[in-house]
Number of protein chains: 2
Amino acid sequence: MARTTSADVARASGVSRTTVSYVLNGRGGSSISAGTRERVVEAARRLGYAPSAAARALRTGRSDLVLCVLPDWPIGPVVDSLLEHLTEELAARGMAMLVHHGRDRRPLADLWRAVDVRAVVGLAPFAPEDEQAMRRAGIRVLATAAGAVAGPGAAEGAQMQTGRLQVEHLAARGHRTLGYAATADRRVEAFAEQRLAGARRACAELGLAGPRVEPVALDLAAAVAAVRSWRGARPAVTAVAAYNDEVALAVLAGLRAEGLRVPQDVAVVGVDDIPAARLAVPALTTVAQSVDVQARHLVARLVADLEGAAEDPAPPEDLLAVVVRETTRPVGDPTR
Amino acid sequence: MARTTSADVARASGVSRTTVSYVLNGRGGSSISAGTRERVVEAARRLGYAPSAAARALRTGRSDLVLCVLPDWPIGPVVDSLLEHLTEELAARGMAMLVHHGRDRRPLADLWRAVDVRAVVGLAPFAPEDEQAMRRAGIRVLATAAGAVAGPGAAEGAQMQTGRLQVEHLAARGHRTLGYAATADRRVEAFAEQRLAGARRACAELGLAGPRVEPVALDLAAAVAAVRSWRGARPAVTAVAAYNDEVALAVLAGLRAEGLRVPQDVAVVGVDDIPAARLAVPALTTVAQSVDVQARHLVARLVADLEGAAEDPAPPEDLLAVVVRETTRPVGDPTR
DNA sequence: CTGAAAGCGCTTACAG
DNA sequence: CTGAAAGCGCTTACAG
């Protein structure tokens, strides 16, 4: 059975295709009688008419489709929330959004054989040749650099501020010799570099030596090795900032295996505030990012860019917060 | 500047549009001279020619686009891996895949205004009216029921087997009175029901009473309440199966807060083997799912369906495994 | 208030 | 070996 077209609807309702198009697209103002209008709508419904997106795109010369290209990160709550908000904002502007999980296996160009899009949003920068090819095909290209949530005008992105907050928190507790537990996951390298850079910068500003950086994979052996290195240093490390909460949990396990007490011997602070952080023993201090605030800001920037706004929206104020728990709390003081 | 079309390429290389199409699509066999071929390819490259997907779809009457619609779950490693494999498999068949993160906010129908697709893959069943509308528009509709990894022909899906394995493991350790820590996250209800059903079925087969089910949100207070209920029962619960590892970590925190020892007083088993499970104190026994095996099987089923194969591929053998750690290990016995 | 006609860019049977 | 022409389904200026 052939596809139902607007001609079928026109025939079934006794009007021309012009009228069908006007009725179904809400054009033509009041020039079409209520009776005609109803007949057309009813016929379309009865026949299960779905307009051809290809024909419409070809005729109007524009597509209402926005494509979001995901980088090779593990998809977490922030990206998830971002996609949800982005879909919603674009829908409010009459656009539909789809997501490409291509993992850079194939050239992006292959996609253009299958679909026309109005704009492409990348969460990480595109390869220069891909970007150029898209622009030449008349596609708007928007890319958000990893971690630059505070916007290109701001001195520090959210990722850097994360590292800064960890160090400032530990320094405020009196720690002078810090360790940094880096991630072993290569996929998040861009974030990792920024977080560590923020920690380094904060150390410099506070007059501390840079943190002793050790990679910590998510297993006990790796954590124990890092702990030994930190404790063998002179002066010995008394506090560790970790790339994220999972790495911090590994550090806690390593400290316990080495017979060290937390926070008395070594304090620990993570990033993300995953559920396991709250439930760890001792409960993990961490830098929480407001997923929703972050996602909304990214979306606001992308939409402003898409609409050609002159200025970027102001960066959010309340993005990051240190959640103080037991791994950095002075013993016997439940309030600080 | 207007978009580059095949006519531009034809003009620039001194041939007709027919020839351009033949060269660029590899049709026309050997009837086109190597020189002509090269001139066309070179002109296309120089002009940055990208064929109009809309025009091609309209003319050929078929789209090479497959749409994957995600349900309202938190997107974890399994779905992530699934999408990656699906993209790859479809690409090998000349199709491109895009993903819709729409969260059911708007009717799916809105998407068809923006894009033509050949098939739609749903990870959860579609609403009947959506499904009917898509079929009437000539779109293949494939849906995978949540948890039915073992296929519709099998008696138990992977999710049910998960609950069964937990119970069988605890029973083998001598436990006769079991608790079940249910999730408080409504989004995963479909999984939760299946996992619990599997646990119940295993209890029945082993001649045990059904597990005492308590909901456990991811905070200490909720966990403590559940622990008190389990321990106040007569006979008291001596082992708890949790919906997943996060819930299990909450249970561990609740047990510790109540002064109970693990595993001596209460044993605990989770599902998923997240990094925090391995790093918990005591380390958490859990049912690990092979993300890769699961994703590949789902993809195999979808592809078989898409290609109209007569039979479903055989369910994977090695999908689930109990990873025994300290929370269920007899004290003083490091091997069992 | 409604219809006939053009044309978006492509592919492909057909003619040479 | 290559070109002229038709037609996919739609929207929209234009004519009535």
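Reply: The pair to start from is in chain B, where strand β1(B) and strand β2 (residues 96–100) run parallel and are joined by 5 bridges. The model is a predicted one. Strands of a sheet pair through backbone hydrogen bonds, in either a parallel or an antiparallel sense. One position in this pairing is Val69(B), which stands opposite His100(B) in β2(B).

How many of the residues of strand β1 (residues 65–69) of chain B are buried? The count is 5 of the 5, so the strand is largely enclosed by the rest of the structure. In a regular strand the side chains alternate between the two faces of the sheet. In β1(B), Leu65(B), Leu67(B) and Val69(B) point one way, while Val66(B) and Cys68(B) point the other way. The residues on both sides are buried.

Next come the nonpolar cores. The largest has 94 residues, and the members that touch the most others are Val251(A), Val268(A), Val251(B) and Val268(B). Another core lies apart from it, with 85 residues, including Ala43(A), Ala119(A), Met97(B) and Leu123(B). Within chain B, the contacts of Val268(B) can be listed, leaving out residues up to four places away in sequence: Val240(B), Ala242(B), Ala248(B), Val251(B), Leu252(B), Val262(B), Leu284(B) and Thr327(B).

Chain B also holds an open sheet of 6 strands, in the order β6-β5-β7-β8-β9-β10, with mixed pairing. Its edge strands are β6 (212–215) and β10 (320–323) of chain B, each of which pairs on one side only. From one strand to the next, the twist averages 20°. Inside this sheet, strand β5 (residues 178–182) and strand β7 (residues 239–242) of chain B run parallel and are joined by 4 bridges. Gly179(B) has Val240(B) as its bridge partner in β7(B). Val240(B) is also among the residues that Val268(B) touches.

Chain A has an open sheet of 6 strands in the order β6-β5-β7-β8-β9-β10, and the pairing there is mixed. At its edges stand β6 (212–215) and β10 (320–323) of chain A; each has a single partner strand, so one side of each is left without a neighbour in the sheet. Neighbouring strands of this sheet are turned by 20° against each other on average, direction ignored. Strand β5 (residues 178–182) of chain A pairs with β6(A) in the parallel sense over 4 bridges, and Tyr180(A) stands opposite Val213(A) in β6(A). Helix α8 (residues 189–205) of chain A packs on the sheet, where it touches β5, β6, β7 (239–242) and β8 (267–271) of chain A. The direction of helix α8 makes about 175° with that of β5(A).

Val247(A) has 32 C-beta neighbours inside 10 Å, so it counts as buried. Leaving out residues up to four places away in sequence, Val247(A) touches Ala181(A), Thr183(A), Val216(A) and Ala242(A). Of these, Val216(A) is 31 residues from Val247(A) in sequence, with 6.5 Å between the two C-alpha atoms.

The two chains also meet each other: 52 residues of chain A are in contact with 52 residues of chain B. On the chain A side, α4, α5 (77–92), β2 (96–100), α6 (128–136), α10 (245–257) and α11 (275–279) each supply at least two residues. The element that gives the most is α5(A), with 6 residues. By class, this side of chain A has 29 nonpolar, 7 polar and 16 charged residues.

Finally, there are the DNA strands. DNA strand D is surrounded by 31 residues, and the closest are Thr5(A), Ser6(A), Ser21(A), Ala55(A) and Ser16(B). Two or more residues of the surface near DNA strand C come from each of α2 and α4 of chain A and α1 (6–13), α2 and α4 of chain B. That surface divides into 8 nonpolar, 15 polar and 7 charged residues.

Note on methods. Residues numbered from 1 in each chain as written. Chains lettered and ligands numbered in written order. Predicted model: local features only at pLDDT ≥ 70, side-chain atom pairs only at ≥ 80, totals over all residues. Near = placed C-beta within 6 Å. Core = buried A, V, L, I, M, F, W, Y, C linked by C-beta atoms within 7 Å. Buried ≥ 20, exposed ≤ 12 C-beta atoms within 10 Å, placed from the backbone. Contact = placed C-beta atoms within 7 Å. Nonpolar A, V, L, I, M, F, W, Y, C, P; charged D, E, K, R; others polar. Pairing = 2+ DSSP bridges. Axes fitted to C-alpha atoms, helices over the stretch in contact; angles between N-to-C directions.
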